[in-house]
Amino acid sequence: MGNEDAKTEKKVKKAKTWSKNDKIFLGILIPVLVLFFLFNTLPLLKGFYYGLTNFRGYGNYDFVGLRNFKDLFSDARVGKSYLFTFKYALIMTLLVNFLSLVLALGMNREIKGKNALRGIYFVPNILGGLVVGYIFSFIFTYILPAVGEATGIGFLQNSFLASTKTAWIAIVIVGAWQGIAMNTIIYISGLQTVPEEVYEACMLDGAAGWKKFSKITLPLIMPFVTINLVLCMKNALMVFDQIMSLTKGGPSQSTESISYLIYNNGMSGGQFGFQSANAFVFFVVIVVISFLQMKFLGGKEEQL
Amino acid sequence: MENKERENNEVQEDVTAKSVTPKAPEKKIEKTSETEKKPPKMKKSKGAVGGKTVNIIINILLVIGCLTVFFPLYMTVIIAFKKPSEMTNDVAGALAFPEKWNLDNFAEAMRVTDFWHSLGNSLLLTGVTVIICILLHSLAGYVIGRKMARLKTFKAAYFYIVSGMFVPFAVLMMPLVKQTAQMGIANRIGVIVLYVVFFMPMNMMLYTGYLKNIPLALEEAACVDGATAWQTYWKIIFPNMKPMHATVAVLTAMSTWNDVMTPLVIMSGTEQNTLPLAQLNFQSQFGTNYNLAFASYLLALLPILIFYIICQKQIIGGVVNGAVK
């Protein structure tokens with residue numbers, strides 16, 4: 001085999017020489033890296049390149065330098081889509097995490113049918129966002145107005161989806177319906193990592209209720225809070241399926257997320273170059289947000 | 001894991017204990033709503049997790065909360081079985097039971113959306129993607145995980161691939177559409193390739209992390225017995241990573257099955273649909289026939305619902321594992 005020899009050799013001159021085994025491993029690694037580069041890094045670079053052109057998606061194109069990137073900052077529609085996406089992501093993250101933490105705390109108690117409840121609350125997460133959006137679209141356009149009519153509740157009488165002021169609320173509701181499922185499950189598994197003795201000890205100290213939660217439980221499940229905040233924010237920033245099925249960006253572009261704008265104008269609106277620049281900026285924004293989140297939240301974790 | 005099971009057992013014991021003792025009378029519930037407001041009292045009442053009656057109230061609230069999950073699904077089923085003439089403008093029109101439960105809408109929806117074809121495509125894409133992901137990503141995770149501590153090349157490769165998690169599909173969408181078209185894979189093959197690459201960072205990270213649980217001694221023993229690196233991997237390592245295969249399979253399958261964007265932009269020229277994509281592409285044909293549309297939605301949701309009912313434990317476990325690790 002010669003592998004034996006290679007092993008002893010490795011021990012002699014540690015990291016310098018590559019054993020036969022190392023080379024076999026490298027032989028496997030290289031094709032994987034090539035594949036990853038070809039369909040991840042290369043299109044990212046190409047996207048930046050397209051961002052420097054006035055390409056419309058077909059035909060010839062010219063270089064325009066950084067003009068697209070400059071124009072992005074003065075383009076009202078792009079600005080609006082960023083505002084909408086951030087507003088949506090922020091509200092979603094806070095709302096979903098608050099509700100799922102409450103749910104998880106409830107389900108972590110000694111209650112009946114714990115597993116069944118957990119199974120039921122998780123269902124929205126497995127369903128596809130597009131079809132769920134279509135189903136809720138019916139609720140918003142027909143059921144809620146009918147309920148409003150029957151009960152005389154004013155704000156329900158018009159469809160949420162028809163007004164620029166309320167359409168985003170509909171998207172938050174659908175997003176939260178699906179997002180809470182996921183985050184609750186993660187919080188439950190977080191709460192289960194807190195040992196019983198900790199609660200017993202804190203009971204001896206007389207801590208209960210809110211104090212117990214804020215001083216004991218929350219710091220101990222902080223890693224799970226981090227995961228949930230990051231996951232939820234990331235998913236919300238990419239929102240696409242629900243927009244596609246609920247509003248298609250409307251009414252009057254009030255619910256156009258960045259992903260949707262890139263898709264809509266880039267693929268069929270003749271703005272291939274411009275939206276490529278937009279996509280690249282979006283990528284930079286995501287990286288910055290992810291790093292900030294990890295930096296801020298990572299420092300707050302408490303260890304037993 | 002053991003901890004969790006132990007806890008569950010305790011809970012079950014408690015539940016049986018509760019059902020043996022006579023049911024808490026209504027009065028008691030009223031009392032606890034007071035104690036709930038004054039947490040200091042609670043410390044004397046019961047064990048670490050709080051008073052029994054508080055738990056009953058929470059239990060009831062949680063069960064009521066389930067309605068938010070059931071309502072949209074209930075509505076979907078009801079409307080899917082109705083005739084258009086039964087859909088009046090009030091709430092009952094949409095939510096009351098149909099006069100007759102008939103399957104006509106489903107037959108029509110299957111015809112209109114080419115259901116079996118779309119289902120086949122969804123199954124094909126998901127199945128092939130999951131299989132390739134498990135084979136390729138576990139191998140990549142192994143190769144990188146075993147060497148990254150000692151060799152810088154592998155460490156760099158690890159961080160390079162993991163950093164791919166920051167790149168959302170929307171960012172790569174436009175260049176990828178051009179690229180797959182140029183390469184002649186603007187079809188199901190291209191979609192599978194993209195999934196395999198797109199899920200690589202996450203899956204590889206999971207496998208690399210899991211590898212720490214598999215002792216190096218296993219491989220060394222195989223090596224002494226004269227097995228090649230290739231044999232060692234498939235005979236020893238791959239079977240030992242089984243729990244992680246389950247997690248990866250669940251995560252990959254769920255994301256693939258429900259994904260709209262990738263097939264939407266990549267396969268747009270092929271007239272092939274996945275299940276969600278069919279709902280999008282046939283919206284105009286449903287028109288105002290909501291019964292037909294909802295029959296189609298229900299058909300699109302059913303496969304994953306059935307799958308969930310069968311493998312609920314694995315799915316929840318997989319999702320939690322994937323997120324926490």
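Author: The buried residues of α12(A) are I258(A), S259(A), Y260(A), L261(A), I262(A), Y263(A), N265(A) and G266(A). Buried means that 20 or more other C-beta atoms lie within 10 Å of a residue's own; 12 or fewer make it exposed, anything in between partly exposed, and the C-beta atoms are placed from the backbone. Helix α12 of chain A runs over residues 258–268, and with 8 of its 11 residues buried it is mostly covered. Helices here are DSSP runs of H or I with at least four residues, strands are runs of E with at least two, and both are numbered from the N terminus. Just after α12(A), G270(A) has a positive phi of about 75°.

This is a predicted model, in which local features need pLDDT of at least 70 and side-chain atom pairs count only at pLDDT 80 or more, while totals for chains, interfaces and linings use all residues. Residues are numbered from 1 along each chain as its sequence is written, and chains are lettered from A and ligands numbered from 1 in the order in which they are written.

The loop between α11 (241–246) and α12 of chain A holds T247(A). S252(A) is found in the loop between α11 and α12 of chain A too. T247(A) is buried because 25 other C-beta atoms lie within 10 Å, whereas S252(A), with 10 other C-beta atoms within 10 Å, is exposed. S252(A) has a phi near 40°, a positive value in a residue other than glycine. Leaving out residues up to four places away in sequence, T247(A) touches L161(A), A167(A), I171(A) and T255(A). Touching, or contact, means that the C-beta atoms of two residues, placed from the backbone, lie within 7 Å. G148(A) is 99 residues from T247(A) in sequence and 21 Å from it in space, C-alpha to C-alpha.

Another helix of chain A, α5 (residues 114–126), has 13 residues and reaches 19 Å from its first C-alpha to its last, close to the 18 Å expected at 1.5 Å a residue. The expected span is 1.5 Å times one less than the number of residues. Buried in α5(A) are K114(A), Y121(A), F122(A), V123(A), P124(A), N125(A) and I126(A).

Now to the place where the chains meet. In all, 83 residues of chain A are in contact with 75 residues of chain B. Helix α2 (residues 20–51) of chain A gives the most to the side of chain A that touches chain B, namely 17 residues. That side of chain A divides into 57 nonpolar, 17 polar and 9 charged residues. Ala, Val, Leu, Ile, Met, Phe, Trp, Tyr, Cys and Pro count as nonpolar, Asp, Glu, Lys and Arg as charged, and the others, Gly among them, as polar.

Two packed helices are described by the angle between their axes and the distance between the axes. α2(A) packs against helix α7 (residues 115–147) of chain B at an angle of about 130°, with the axes 10 Å apart. α2(A) is therefore oblique to α7(B). Axes are lines fitted to C-alpha atoms, for helices over the stretch in contact, and angles run from 0 to 180 degrees between N-to-C directions. Under 35 degrees counts as roughly parallel, over 145 as roughly antiparallel, 65 to 115 as roughly perpendicular, and the rest as oblique. D22(A), F25(A), I28(A), L29(A) and V32(A) of α2(A) make the contact with L139(B), A140(B), V143(B), I144(B) and K147(B) of α7(B). By class, these residues are 8 nonpolar, no polar and 2 charged.

Within chain B, α7(B) packs with helix α11 (residues 200–211) at an angle of about 55°, the axes being 8 Å apart. α7(B) and α11(B) are therefore oblique to each other. From α7(B), residues including A140(B) and I144(B) meet residues of α11(B), among them M204(B) and Y207(B). The classes in this contact are 8 nonpolar, 6 polar and 1 charged.

L136(B) also has its place in helix α7 of chain B. L136(B) is partly exposed because 19 other C-beta atoms lie within 10 Å. In the loop between α6 (104–112) and α7 of chain B is D114(B), with a positive phi near 55° in a residue other than glycine.
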